Structures are given as structure tokens and as C-alpha cells.
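User: Could you pick one part of this structure and take a close look at it for me? I'm new to this, so please go step by step.

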Amino acid sequence: MESIELAAYAKINLGLDVVRRLENGYHEVKMVMQTIGLHDTLRLEKTKEGIALFVDSSEAPADENNLAYKAAHLLKEHCGVAEGISIHLQKRIPVAAGMAGGSTDAAAVLKGMNRLFSLGLSEEELCGIGVRLGADVPYCIMGGTALAEGIGEKLTVLPDAPDSVVLVAKPPVSVSTKYVYETLRLSEIEKHPDIDGMVRAVREGSLAGIVSRMENVLESVTEKEHSVITGIKHFMEENGAKKALMSGSGPTVFGIYEDRADAEKAAEKLLVRKPCVQAAVTAFQRKE
Ligand code: ATP
């Protein structure tokens with residue numbers, strides 16, 4: 001095999017709780033993660049030596065700061081791969097959106113190189129390497145529906161959540177994940193999301209049970225700074241969404257729809273009202 005093409009799927013957080021602040025400044029979280037069909041595409045090709053990266057978007061770095069590049073470098077070092085690799089990255093996942101765009105590209109490079117160079121690494125071994133690039137990378141390697149604890153790297157595989165249509169919308173504001181976590185006042189959170197209940201609902205295959213527990217404690221910080229997020233959530237819920245929530249530290253909002261036509265209609269209307277929003281209709285993506 002000389003080349004391989006992979007889809008790197010975005011994630012949303014169906015539920016996100018912050019349990020406590022750790023001494024090292026990180027936060028212990030408890031989240032239900034879900035991959036969605038929206039994806040970047042990566043083509044990996046064997047070359048004689050080195051790492052070459054081509055990115056079709058000016059929003060993501062096209063050098064050694066790109067997580068796809070870092071993943072290739074790390075795996076080459078770890079496994080002593082002498083041959084080179086060229087990576088063509090087609091970005092579709094909005095950048096710095098709260099959908100783990102960089103982490104999922106890194107995960108795809110690790111999985112792709114494992115196959116391309118017949119490295120024989122297990123999923124667990126790939127996750128062990130991936131966590132050095134970011135806490136979300138192990139989840140992106142696994143995909144599907146999962147409970148993430150610790151700093152996001154302790155994963156429990158869950159059955160695939162029931163099929164659902166998702167409208168994602170990213171307003172044109174930038175959010176620093178670090179700032180959001182640092183600004184969060186844990187002592188002021190009166191009611192934490194019922195993540196255990198959501199896990200039960202996933203196991204029971206109850207979309208209603210999942211939707212009724214969709215909450216994200218980080219909204220309290222990001223929405224205060226960017227009222228456009230609140231506006232999009234209300235818009236979606238007034239336009240057919242069973243529930244709308246911010247993903248990760250934001251600013252992306254996603255709405256859960258029963259019907260694809262309703263989601264498409266809402267997306268069209270949203271783009272007329274807010275032309276700067278990046279919107280896409282997609283669906284839950286099952287574990288491959
Ligand atoms: P998370 O949900 O994990 O917090 P995010 O979706 O908010 O991540 P990313 O899209 O991963 O954020 O981008 C965060 C930063 O990472 C960007 O500012 C960008 O410069 C950098 N970056 C590095 N590699 C990539 C990549 N492959 N795709 C997008 N951004 C990348």
C-alpha cells in the first residue's frame with residue numbers, strides 16, 4: 001500500500017460536566033462524547049523521507065504546529081519509521097470551534113500511518129501515543145459514543161447512540177479553551193449535568209433520555225461573553241430542534257433534530273439571519 005485516504009470526524013459533547021480543578025491546573029471532567037458525520041479528509045502517501053504537509057485552508061497551520069504534522073512526527077520517532085510521509089489535509093470542520101478538529105486530524109494520521117507502514121499497533125497503543133498530543137486524541141481514535149473522564153482521556157466505550165440528525169452552527173467568534181476553564185467558577189454551579197443518567201439513557205437506546213439531560217457547564221462562561229451563542233440556541237429550539245447546546249468550550253452550537261428536512265430548513269433560515277455563521281446538517285456517526 002502506497003497511500004491511504006481517511007475521514008477524520010468531528011465530535012460534539014452531548015453532556016459536559018467539570019468535576020473539580022486539579023492541582024496541576026487541569027480540570028477533571030465527565031463528558032458524553034459523540035462523533036458526527038462532518039469530517040476533514042486526509043490523504044497520506046509514503047515518500048522517501050521527512051514529513052510534508054499540505055492544508056487547503058488558511059485557518060489551520062500548514063507547518064510543524066499542525067496536530068497532523070505533530071502526530072506524524074511522534075509516530076515516526078516512536079516506531080523508528082525511516083520512510084517519509086506526505087499529508088494532504090482537506091479541512092471541513094470549522095477551526096477552533098469546540099469540535100476537536102485538530103485532535104481528530106492527529107488521530108487519523110496515527111491510524112492511517114499504522115496501516116500504511118504496517119506498524120501493528122493496537123487501538124490501545126495508538127491511544128497511549130495519541131494522548132501525548134492532546135487529551136481528546138484517544139477519543140478521536142475510538143470514535144462513536146463514549147464516556148470520557150479524567151482530563152478527557154479515560155474512556156468507556158458506550159453503545160452507539162440512537163441515530164439522530166444534527167445541525168451544527170459556528171458563529172464567527174473565537175474562544176480560548178484555556179480562558180473558559182480558568183474563568184469557570186465551579187463553586188457557583190448549582191446543578192451539575194446528570195452524566196450518569198445520560199450514560200444510562202445511551203445504554204437503553206433512549207434518545208429522549210439523552211436529550212432531556214443535555215447540559216454543558218462551560219456555557220455559563222462562554223455564553224456570558226458571546227450572546228450570539230444564546231441567540232443560535234434559541235433560534236434552533238424555535239425552529240424544530242428538540243434541544244440545542246454549545247459543544248465543548250464553544251462557540252459551536254448543535255441542535256438535535258428528528259427530521260433532516262426540518263434541520264435543513266432551519267440551517268437555510270439561520271444563514272439568512274446570520275450569514276457569517278458556518279452551518280452544516282449532519283448526523284451521529286457510528287463507531288467504524
Ligand atoms: P477542542 O474541541 O479540542 O478544544 P477545537 O475544535 O476548539 O478543539 P481546533 O480546531 O483543534 O480547536 O483548533 C485549535 C487550534 O489548533 C487552532 O487555533 C489551530 O491553530 C491549531 N491547529 C493545529 N492543528 C490543527 C488542525 N489540524 N486543524 C485545526 N486546527 C489546528
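Analyst: Helices here are DSSP runs of H or I with at least four residues, strands are DSSP runs of E with at least two, and both are numbered from the N terminus. That lets us place a detail just after α2, where Ser118 takes a positive phi of about 45 degrees. Keep in mind that this is a predicted model: local features need pLDDT of at least 70, side-chain atom pairs count only at 80 or more, and totals for chains, interfaces and linings use all residues. Residues are numbered from 1 along each chain as its sequence is written, and side-chain values use heavy atoms, leaving out hydrogens and water.

Just after the helix, Gly80 takes a positive phi of about 60 degrees.

Which residues of α1 are buried? They are Ala68, Ala71, Ala72, Leu74, Leu75 and Lys76 (buried means under 20% relative accessible area, using a 1.4 Å probe and protein chains only). An α-helix has 3.6 residues a turn, so residues three or four places apart point the same way. The buried residues of α1 pack against strands β2 (27–47), β3 (51–55) and β4 (84–90), and also against α2 (101–116) and α3 (123–130).

Now on to α2, one of those partners. It has 16 residues and spans 22 Å between its first and last C-alpha, close to the 22 Å expected. It's mostly covered, too: 13 of the 16 are buried.

How do α2 and α3 pack? Their angle is about 135 degrees and their axes are 10 Å apart (axes are lines fitted to C-alpha atoms over the stretch in contact, with angles from 0 to 180 degrees between N-to-C directions). The two helices are therefore oblique to each other (under 35 degrees is roughly parallel, over 145 roughly antiparallel, 65 to 115 roughly perpendicular, and the rest oblique). Where they meet, α2 brings Leu110, Lys111 and Asn114, while α3 brings Leu126, Ile129 and Gly130 (contact means heavy atoms within 4.5 Å).

Methods: Buried means under 20% relative accessible area, exposed over 50%, partly exposed in between (1.4 Å probe, protein chains only). The expected span of a helix is 1.5 Å times one less than its number of residues.
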